Amino acid sequence: MRYFFIFIITLFYILISLIYPSYFKDATYDVSNILIKVLIPSIVPMYILSSILVNNYFFIKLSHKLFKPFNVFESIDSPAIFLSSMLVGNPTTTILVLEKYKNNEITLSDTNIILSNSFINPLFVINSFKLVGINISFAYLYIICNFICNFVFLYFKPYKKFKETTIQNKYSFYDTINQISPLLLNIFIITLLISYLKIPFTISNNLNLFITIPLNFLEVSTGFLNIANYNIDFDLKLIILVILLSSTGLSIVIQTIYFIKQKAPDNIRYFIKSN
């Protein structure tokens, strides 16, 4: 039955692509435009800087001393990874933290704590607001609130007993460079697929906002652009955009699960169940 259902859905999208090819062309153009104007300028610099920080001996020791009184993490590297995740957000954080977990530098529990945070790449927020012409002071306000909320949630995590570990210095800058291209490609393809999935629901020009707004929650970057262009009250629009950023969207969830399956397939059930 499952295969029959997949077959019908696939056939349906083949027909839609043949009847309305311009919609697929426009979706591809929109996602490509966002990739160049928002995603690449947000992800590449922050991923490089975060990779350097999580492998910097001084930053690891400093982060550990700052967090040790709170008894939140078990591993010495974990506070540095948590702070670095503020710069990249998910799904990029997933790659950083799972690399550390695979190398036995942080525990499974710490890995789950960091993966469950809701940080969003600050450059992504700023570039998104700039792209749609909204005052970036709102972007900075959202970023500050996002940071505060995540630290508050972290404070209420169960206390952990610190496990003494040795800092491993196996970092190579070339590893970071090699990871960026597949990372961007995976994000681009998944974002594009989600945009394609929305096409049958957007063919009609008479759709109610109560239908189109939930559709835009499937993917944050394109959804942000679409909602910003709605002719609705500015305050209401801003509230919807903030909710959209906070929800991350189906696309980021899929990307995160994909990277977990790539990096830690044996623990994917644990991470999904815990988060």
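Modeller: I begin with Cys145, whose sulfur lies 6.5 Å from the closest cysteine sulfur, that of Cys149, which is too far for a bond. This is a predicted model, in which local features need pLDDT of at least 70 and side-chain atom pairs count only at pLDDT 80 or more, while totals for chains, interfaces and linings use all residues. Residues are numbered from 1 along each chain as its sequence is written, and side-chain values use heavy atoms, with hydrogens and water left out.

A disulfide is a pair of cysteine sulfur atoms within 2.5 Å. Cys149 is in no disulfide, since the nearest cysteine sulfur, in Cys145, is 6.5 Å away. By this rule the count for the structure is zero disulfides. Cys145 is partly exposed at 37% relative accessibility, and Cys149 is also partly exposed, at 40%. Here buried means under 20% relative accessible area, exposed means over 50%, and partly exposed lies in between (1.4 Å probe, protein chains only).

The setting is a chain with 14 helices and zero strands. Helices (H or I, at least four residues) and strands (E, at least two) are DSSP runs, numbered from the N terminus. Helix α8 covers residues 137–155 and contains Phe151. Phe151 forms an aromatic pair with Phe119, edge-to-face, at 6.4 Å centre to centre and 65 degrees between the planes. Rings of Phe, Tyr and Trp (its six-membered ring) pair if their centres lie within 6.5 Å; planes under 30 degrees apart count as stacked, over 60 as edge-to-face and the rest as tilted. Phe119 lies in the loop between α6 (108–115) and α7 (122–131), so the pair ties together parts that are 32 residues apart in sequence. Phe119 is buried, with a relative accessible area of 3%, whereas Phe151 is partly exposed at 30%. Both belong to one aromatic cluster that also includes Phe67, Phe73, Phe82 and Phe147. In total, the structure holds 13 aromatic pairs.

Helix α2 spans residues 21–54 and contains Leu53. Leu53 is partly exposed, with a relative accessible area of 27%. Not counting residues up to four places away in sequence, Leu53 touches Phe59, Ile60, Ser84 and Leu87; such a contact means heavy atoms within 4.5 Å. Leu53 and Ser84 are 31 residues apart in sequence, yet 6.8 Å apart in space from C-alpha to C-alpha.

Charged side chains supply further links. A salt bridge is a side-chain nitrogen of Lys or Arg within 4 Å of a carboxyl oxygen of Asp or Glu, and the structure holds two of them. Asp77 and Lys100 meet in one, at 3.6 Å from N to O. Asp77 lies in the loop between α3 (57–67) and α4 (78–88), while Lys100 is in α5 (residues 92–102), so this pair ties together parts that are 23 residues apart in sequence. Asp77 is buried at 0% relative accessible area, and Lys100 is buried at 4%. Lys100 also meets Glu105 in a salt bridge, at 2.9 Å from N to O, and Glu105 is buried as well.

Met1, Phe4, Phe7, Ile8, Leu11, Ile14, Leu15, Leu18, Ile19 and Tyr20 form a nonpolar patch with about 1100 Å² of accessible area together. Patches are made of residues with over 30% relative accessible area and no salt bridge: like charges are joined within 9 Å, nonpolar side chains (Val, Leu, Ile, Met, Phe, Trp, Tyr) within 5 Å. Met1 lies in the segment before α1 (2–19) and is exposed, at 80%.

For the chain as a whole, 46% of the 275 residues count as buried. The accessible surface comes to about 14900 Å², of which 66% belongs to carbon and sulfur atoms; accessible areas come from the Shrake-Rupley method with a 1.4 Å probe, and for residues only the protein chains shown count as cover. Among contacts between residues at least 6 apart in sequence, 75% join residues at least 24 apart.
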